[in-house]
Amino acid sequence: MAVVVSLLQHRLLQEWEFHTDCLMLLRKLFWRPNHPQFPICRTVCDFPLKKYDVIVVGGGHAGTEAAAAAARVGAKTLLVTQKIQTIGALSCNPSLGGVGKGQLVREVDSLDGLCGRAGDWAGVHFSILNRSKGPAVWGPRAQLDRELYRQFIQTELHAMPRLTVLEGSVEELLVSEPNPDQPGQHRVTGIRIVDGGQTISSSSMVLTTGTFLSGSLFMGQTTSPGGRIGDPPSCVGLSHSLREKLGLRTGRLRTGTPPRIIKATVQLSLAQINAPDKQPTPFSYLNKHTRCKPEEQLPCYLTHTTPGVERIVMESLHLNTHIQQDTKGPRYCPSIESRVLRFPGRSHQVWLEPEGLTSDLLYPQGLSMTLPPDLQLRLLREIPALQRAEIQIPGYGVQYDFVCPTQLSPSLQVKRVQGLFLAGQINGTTGYEEAAAQGLWAGVNAGRTALSLPALSLSRTQSYIGVLIDDLVGRGVTEPYRMFTSRAEFRTALRPDNADLRLSPRGFEEIGCVSECRYEEAVRVRDALRDALTAMKSISMSSTRWREKLGDVNVSESKSTMLSALELLQYNGVTFEMLASAFPECLSKHLEFSQRLKIEAIYRPHCERQVREMERIREEESLSLPLDIDYFSLPVSLSREVREVLDHVRPHTLGAATRLRGMTPAAIVQLLNYVRKTGQDRHGKRGKHIEMAALEKEGGI
Amino acid sequence: MFNFISGSLRRGPSFIMKGLRGNPSKNRCSSDICDADTIFALSSGHGRCGVAVVRISGPASGLVLSSLAGRTHSRTVPRTARLCNIIDPRSQELLDRGLVLWFPGPRSFTGEDSVEFHIHGGPAVISGVLQALGSLPGVRPAEAGEFTRRAFHAGKLDLTEVEGLGDLIHAETEAQRRQALRQMAGDLGQLYHGWSQRLIRCLAHVEAYIDFSEDELIEDGVLNQVDSSVSQLQKEVERHLQDGRRGERLRGGVQVVIAGKTNAGKSSLLNILCQRPVAIVSPVAGTTRDVVETHLDIRGFPVLLSDTAGLRDTLDSVEREGVRRAMERVEQADLTLAVLDSTHLPKAHQGVPHFLLGHLRTLLPGGEDLEAALRRCLLVINKSDLLTDEQVAKIQTVLSQAEELPPVCLMSCHTGHGLDDFMEALLKQVKTLCGDPLSGSPSLTQARHRAHLQRCVQALAQYHRYRDLDLALAAEGVRLALTSLGRITGKVGPEEILDVIFRDFCIGK
């Protein structure tokens, strides 16, 4: 065995030059790229434990992150999935990241989640979107090899201490009377498995059922139960448990996926080639390189729809059950049918994306469709590059139940059910990254709750994960929710370059989900950046002298104005390398961070101006409203309308309350006074900024 | 806040004692980041008064003292009135001669450095001083209840006083809302609203370009359009700010509206109040079709009285428009005179209060809670000459016992019966309203609008400054501009921006 390990290690180290992370090294030992089956395939019979801290149901992006995060915080965790093989499968597009989504991947990575490193391992085409638009909105993105991604996730989970995986379907959620010391009407105690009816108990549970909650598949006029083609349909029992037993409000959403095309039948010469970045940028802060070598990356191809495509869509609407229904689908990832219907007479983009290094399939991004299979083929062949295309798996639509997320607290726990956490599409979101972010956070809190640690929440002033969760639980969803940078008020502070500084230290010190290695690296970076900024601030000269020193620098200030090196670095055309060569003694040791320092210099003054506003939002978020408050009998003067809104949404914090429709400044002050008087606010200084919130609110008159 | 301030000043000694008992640990306003701005407001009522008081509170109070009164705060004796020339710091033009008081923190109402100007009460002087204050950096008009809030932060109020804060803010917000409605109903409102719509589009397009463009169908042309829209907007707002003094004539005074069903005698009431025939009166229902406005002086208090078309369902399109305008006026009014024909009262006298309440419910603006609307209402039962003396006596007995009703006057415009009582009731209401400087003070709204518009222009300049350097920072400029304008026209949320994005672009990825 030892020989095998060292051989493996040797081979891996050659192609996989990871940064010196001790955990990574450990995991490499378990890496078995050619292993056909997941190693911990167990059935209930040979399954020794019947009691876990956390049970995670579902093995998609949310489930895997949740299980790993719960195990990282120290909880004994069981991941239950219908099919071990599909753990970590990319159900839809073979890509990760993008604008807004890339930020989420970076943040998940900063909290030691899986998807960033998995992306670096499986990526076959890396590019930073929005390169020309300012580093705050850069979008790291990669095309992935489906097989490699799945293998990486499965191997990571295999190596994870305290984590067990079980193949099986959940028949029923087991609940009991609530713990009277905490709010809520029920408490989860475990699950019952379909075959054999065995029960497994746990203190908390994360449900990540994706599209499988009462999912139905649509293709043409046929409908069948299920959440993904080729997989068994999910249990009706779970959906029933949530609605009937726990009384949760649910809604229905839809999504879809395009047909997969056989690559050999596509005339790629008729499409426009789209090359990746020459130098791939890894997602993970721990990686210096991606597994794929720059020159081995695969291209994508761009082509366009023709009037023939539109004709076929229009002619076959009556054969298309999915499109005739009025269930809400995403506006930003529409099927080709809805694109044609909403914007007729146009040519729409179609991206042909690789499915992997060895895959013989192409993924036509933008051609999600639910036509009958023969018509799908006819439609494809209206596109020049696809004239002779053959379909391997046709496209289809999915409709599924989601739980209205306003019923969750910011820890992603269901407010009325102690110990029950939800993450991913079950909360009405769309996208791998959104699912991973919620999964991680639900896993952290499920683990912490099981270990009797207090649940935590992330602020929307500090992370996109915080924005995502706050939007979901505070405002709810009316269509599948996707992350955009425009959703973040503090976009210029929540950048993809600084997620490690924003989250890793807290992840280790407070949350407990970050390894010591990552923490030490984040601290090293933080200290180095701080030293470099201090050094740059201390160097100050007139703009004339700067020009002498650096040569032709376009500084608009008048000659005698004093400028620090940090201020100078904000200027277009000034790089940290230039400053370091002018002052090598104090700056050259920081050359490793030249790009981060340049970005910091550009945004720092702006972010400093936003500090006050951030502070205010954080104060509001920290002031919690009791969950069991009876708004109708509250002895303060609130109008009937405001009471109804508060009772319906039951905001978790005063911050969430201020963002509700129909809230008045007076109502916020009344709430604040009430909370203060009832002693909910144990920290004297809190609430100082809440009146300012009232002020903001009345600005709207 | 203004009612509150004058109230607290009157309560003098006891108030100060309470202030001293306040929690000293909360007294750290100097380090409190949320109080970084310096605020000002007209603190006296605006009826015909010899002296107006303008208050300033915040760290830049010293700057205000030196820029407007030419005095250094270190050499000014605290809490002592001093006669000074008050100068516009931009033009060095003399605005007024008045008393100036300097209250260094923490010994002031808000606990911060504060200044008071006691100036002459004319609208031109007040407006000049307010505009001069608004032009100073870091100084802005106070929002509703802000002085009180700062006092609260500084530990100068105790809990019982804080309890009133919510109601106070509610009342002031209501006053501001009515005032804003008045302005927004006119050309000015349409102008601001139009700007806001264009800015929403600009922001949506920049955000779409950031969140979607690269591999989607959003071309660079989108940004060029935004560039020119932003420049155009910037120019328009700047021009508007420059001739702000000559802008739309703002109606000053307490806004009193006469409203009721057709032929109740609304125009007769107007004519009696004006003591001249301003409006045509006739027994034909629907005589008044548009709003008839007249300025009045009721024992020294300025009032803008509007007579409106009688409310009834009608097929006549001109009259329908008149009814719509009437409803709009009632919504914006500080005080509504609800006029009713006495012969329409139910014969059973016990049912009168219930009937009247039902009548008011249909007349006063819906949505808003009725109680607040009732406080701003005076009920006039006209044509008492058509009732017998016995009926009049009975009705008056019933009404005197009905507590939920606003003040009611039974009178006759024809004979003059009950007119004196009506005038007393009206004067009482107008007096109360005039004590509140927010009602009908156009200069204050104007100062607030100017401050927001100036911020909007500065933010738009940021867009241009960063346009080619960093689009995220440029977009931040448009976001900020929209927030500033939103303070006048209403808040714009991210969902609205996304709605515009998805309406204008086909996003497919």
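A:F126 has A:A142 as its bridge partner in strand β5 of chain A. The model is predicted: local features require pLDDT of at least 70 and side-chain atom pairs count only at pLDDT 80 or more, whereas totals for chains, interfaces and linings use all residues. Residues are numbered from 1 along each chain as its sequence is written, while chains are lettered from A and ligands numbered from 1 in the order in which they are written.

Strands here are DSSP runs of E with at least two residues, helices are runs of H or I with at least four, and both are numbered from the N terminus; two strands pair if DSSP finds at least two bridges between them. Helix α4 (residues 101-110) of chain A packs on the sheet, where this helix touches β3 and β5 of chain A, and its direction makes about 85 degrees with that of β5(A). Contact means that the C-beta atoms of two residues, placed from the backbone, lie within 7 Å. Angles run from 0 to 180 degrees between N-to-C directions, with axes fitted to C-alpha atoms and, for helices, over the stretch in contact.

The sheet itself is open and has 3 strands in the order β3-β5-β4 of chain A, with antiparallel pairing. Its edges are β3 (95-97) and β4 (123-129) of chain A; each has a single partner strand, so one side of each is left without a neighbour in the sheet. From one strand to the next, the twist averages 20 degrees.

Chain A also holds an open sheet of 6 strands, ordered β14-β15-β16-β17-β13-β18 and paired antiparallel. Here β14 (272-274) and β18 (391-393) of chain A are the edge strands, each pairing on one side only. Neighbouring strands of this sheet are turned by 35 degrees against each other on average, direction ignored. Within it, β13 (residues 260-262) and β17 (residues 361-365) of chain A pair in the antiparallel sense over 2 bridges, and A:I261 has A:L362 in β17(A) as its bridge partner.

Taken as a whole, chain A has 24 helices and 23 strands. Of its 701 residues, 54% are buried, a residue being buried if 20 or more other C-beta atoms lie within 10 Å of its own, exposed if 12 or fewer, and partly exposed in between, with C-beta atoms placed from the backbone. Among contacts in chain A with a separation of 6 or more, 72% join residues 24 or more positions apart. An automatic or database assignment supplies the domain bounds: domain 1 (32-257 + 400-511), domain 2 (521-609) and domain 3 (623-698) of chain A. The contact takes 9 residues from domain 1 and 8 residues from domain 3 of chain A.

The largest nonpolar core has 110 residues, and those with the most contacts inside it include A:V54, A:I55 and A:L422. Such a core is a set of buried Ala, Val, Leu, Ile, Met, Phe, Trp, Tyr and Cys residues joined through C-beta atoms within 7 Å. Helix α12 (residues 432-450) of chain A gives the largest share of this core, 10 residues. Apart from it lies another core, of 57 residues, among them A:V574, A:L597, B:A459 and B:A475. Returning to A:V54, its contacts beyond four places in sequence include A:A70, A:M205, A:V206 and A:A446.

Chain B comes to 16 helices and 12 strands, and 45% of its 509 residues are buried. In its helix α8 (residues 266-274), the buried residues include B:L269, B:L270 and B:L273. The buried residues of α8(B) pack against β7 (254-260), β8 (292-298), β9 (301-307), β10 (335-341) and β11 (377-382) of chain B. Just after α8(B), B:Q275 takes a positive phi of about 55 degrees.

Most residues other than glycine have a negative phi, and most peptide bonds are trans. A:S214, in the loop between β9 (199-207) and β10 (216-219) of chain A, has a positive phi near 50 degrees and is buried, with 23 other C-beta atoms within 10 Å. B:R79, between α2 (61-69) and β3 (82-87) of chain B, has a phi near 55 degrees but counts as exposed, with 12 C-beta neighbours inside 10 Å. The peptide bond from B:G105 to B:P106 is cis, with omega near 0 degrees; B:P106 is in the loop between β4 (94-103) and β5 (114-120) of chain B.
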